[in-house]
Each structure stands twice: as structure tokens, then as C-alpha cells.
Amino acid sequence: MIKNMVGIIGWPISHSLSPIMHNHAFLKLSLDSWTYVPLPVATSPETRLKEAVFGLRALGFKGANVTVPYKESVIPYLDSLTKEAKNIGAVNTIAVTDEGKLVGHNTDGDGFINDLSEHQITVADKSALILGAGGASRAIAYALLSHGCRHLTILNRTKTKADDVVLKLQENFNKVMIESGQLHKESLVNADLVINTTSIGLNENAPDMPWDEGVAFSKNQVVYDVIYNPKLTRFLQHAQKYKAKAINGLGMLVHQGALSFEIWTGHKAPIESMKQILRTRF
Ligand code: ATR
């Protein structure tokens, strides 16, 4: 009998791979009482996000993921936030406690770090360059600095947004060099790790890349794109041309999901199985 429900709140939600990934994980671990459902919450004519979030508690849900466009706007409806979620300013996972409290977590940043670990990449004492200054950028920046990254640059089309992200990070990491700049004008920054968090390269933007064609990579660099569809964006193809290590965002998707799974169920997530089921979708 299903008695442990979780889901994903967002809009649109029909293309989300999270239901497939989590339900496969429940099946793999024989967690038969668990199920994961899409929870579409329309943005217009007016959003009922508050009702949806409070509905988790009313309906006895154990929790939910939160995705675009609600990762930030969900915060006022939660009872408490973890340190990460508070500092990042975004929530991708809600846990409902036995007492009915709604706790906001953010597993995106640690999901990114765990994926790097799986590729035997450490961040302590490394330099990093992040392209973009949205929610994914903030989560990754916070995680990199928490794990000892020594120099971080954030470049964004709208430079003022990158400036704001950097100012907030400096409150927590005042001993690290953190800089902001304008995307495309300052893409020459040399860094051990270069991470694209913009949507350039995604689906209909696939022919574009957030990087100047004329700027090379080196074979010691790690180039990461949070995009996983297409599997190899033009940005990653460019990195491969110079023999840099190119990694797409599928692993981050799996690892952030695995951390949410563990928060809700208390069981270690079957990461390989989750990855395998997603690979069948591409
Ligand atoms: P997410 O939560 O996935 O990070 P987001 O908060 O909407 O998504 O952020 C999207 C990022 O992609 C932003 O940094 C955005 O730049 P702006 O702040 O200037 O809007 C960036 N982005 C999206 N489309 C872009 C484009 N065509 N060129 C450059 N940057 C783009």
C-alpha cells in the first residue's frame, strides 16, 4: 500500500525526469510503500504555490522536490531552512517532519560536488569560473567555496546579478578571492574548473555556446555543463577539442536526487540504477 508520497513542484513539469528516477530507485530498494508524483503548479492566471506547499502537509506527503520557477519563491512558506538553503537563497527539496514542519534543503550544490568526486575531481585549492548567476550558479558557487575552492569568478550577461551573488558569498567566505564580471567580455579567465550554468546550449539554443570560439582550453582543465540534454553541448564539444575533461549535468541531476532521496527515506540511494534508467531516456 502506498503511504509514503513525495513529488516535484514546478511548472511546466511534464518533461521532468525526477519521477522516473525516484520511482526506479524505490523499486530497486523494494521500498514498495513509496511513490513519487509530478505536482504541476501553474504560474497563471495566479500561482497557487502557497496552497500547493501547505497541501504537502495536509495530504501527508513526506516531502517534495521544487524546481523552476519556484526554488526561491517557495521559501516564505517553509518553517525552516538548512544552512545551505539559507545561504544559497533557494530550495530544491522539502522534507515534512513527523510533527508536520516543512524544512527546506538545497542538494544541488552537494550533488554537483558528489558528481565531481565520482570523476575523481577535488575542488580544494582549485580555481573555478562559473558562467551564469541564477539559482544553479549560486548553489554550485556555495558548494565550491564550502569545499575549499581558493579563487572563484562568476561571469554573467547581466553583470549586476553576478555582483549581487558575489557580495552574498563574501559574507560567508571572506578569506577567499571571489570576483564578478561580464560574460563574453571576460571569458579569458584561466581556471582549473569552468562551469556553465546558463541555459545557452539547451535544446533550441543548442547551436550557441557561452564561450568565445577563439578561446582555447587546456588538457588539465575540467569543463562542466549543467545541461544534460543535449548530452554534448557545443561548449563541451569545444572543450573536448582541446582534450579538457568534459562532463555534462546528468551526474549532478542524479546526485542531487540521491541526496533528496536519502533525506526523505533514510536509505542510501541506488545511484548507478538511477543513472542507468535516465540513460535509457536519451
Ligand atoms: P537556473 O535556476 O537554472 O540557474 P536562472 O535562474 O533562470 O536558471 O538563470 C539563468 C542564467 O542563464 C542566468 O545567469 C542568465 O543570465 P541573465 O542573468 O543575464 O538573465 C543566463 N542566460 C540565459 N539565457 C542567456 C543568454 N541567451 N545569454 C547569456 N546568458 C543567458
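## Enclosed cavity

In this predicted model, the largest cavity holds about 50 Å³ of space. The count comes to 1 cavity of 30 Å³ or more. Its lining consists of Asn87, Ile88, Arg138, Val165, Lys168, Leu169 and Asn172. Helices H3 and H6 (159-172) are the elements that give two or more residues to this lining, and H6 gives the most, with 4 residues.

By class, the lining of the largest cavity divides into 3 nonpolar, 2 polar and 2 charged residues.

## Largest pocket

The largest pocket has a volume of about 1,700 Å³. A total of 46 residues line this pocket, and those nearest its centre are Thr67, Val68, Lys71, Leu202 and Val226. Strand S3 (63-66), helix H5 (135-146) and helix H8 (250-265) are the elements that each give two or more residues to the lining.

The lining of the largest pocket comprises 20 nonpolar, 21 polar and 5 charged residues.

## Second largest pocket

About 300 Å³ of space lies in the second largest pocket. Its lining is made up of 16 residues, and Lys231, Asn248, Leu250, Gly251 and Arg279 are the closest to its centre. Two or more lining residues come from each of helix H4 (108-118), helix H7 (234-241), strand S12 (245-247), H8 and helix H9 (271-279).

In this second largest pocket, the lining has 7 nonpolar, 4 polar and 5 charged residues.

## Ligand surroundings

There are 13 residues around the ligand, of which Ala133, Asn156, Arg157, Thr158 and Lys161 come nearest.

A nitrogen atom of the ligand lies 3.5 Å from a polar side-chain atom of Ser199.

## Asn92 in its loop

Asn92 is located in the loop between helix H3 (83-88) and strand S5 (93-96). Is this residue buried or exposed? Asn92 counts as buried because its relative accessibility is 2%, and the cut-off for buried is under 20%.

The side chain of Asn92 reaches the backbone nitrogen of Thr107 at 2.8 Å. Leaving aside residues up to four places away in sequence, Asn92 touches Ala64, Asn65, Val66, Lys71, His105, Asn106, Thr107, Asp108 and Gln256. Among these contacts, Lys71 is also one of the residues nearest the centre of the largest pocket.

Terms used:
Residues are numbered from 1 along each chain as its sequence is written. This is a predicted model: local features need pLDDT of at least 70, side-chain atom pairs count only at pLDDT 80 or more; totals for chains, interfaces and linings use all residues. Side-chain values use heavy atoms; hydrogens and water are left out. Buried means under 20% relative accessible area, exposed over 50%, partly exposed in between (1.4 Å probe, protein chains only). A polar contact is a pair of N or O atoms within 3.5 Å; within protein, one must be able to donate a hydrogen and the other to accept it, and residues adjacent in sequence count only if both atoms are side-chain atoms. Contact means heavy atoms within 4.5 Å. On a 1 Å grid over the protein atoms alone, a cavity is a set of points where a 1.4 Å probe fits but cannot get out, and a pocket is an open set with protein on both sides within 12 Å along at least five of seven lines; lining residues have an atom within 4 Å of a point. Grid points are joined across faces, edges and corners, and a volume is the space filled by probe spheres set on the points. Ala, Val, Leu, Ile, Met, Phe, Trp, Tyr, Cys and Pro count as nonpolar, Asp, Glu, Lys and Arg as charged, and the others, Gly among them, as polar. A residue is near a molecule or strand if one of its heavy atoms lies within 4 Å of it.
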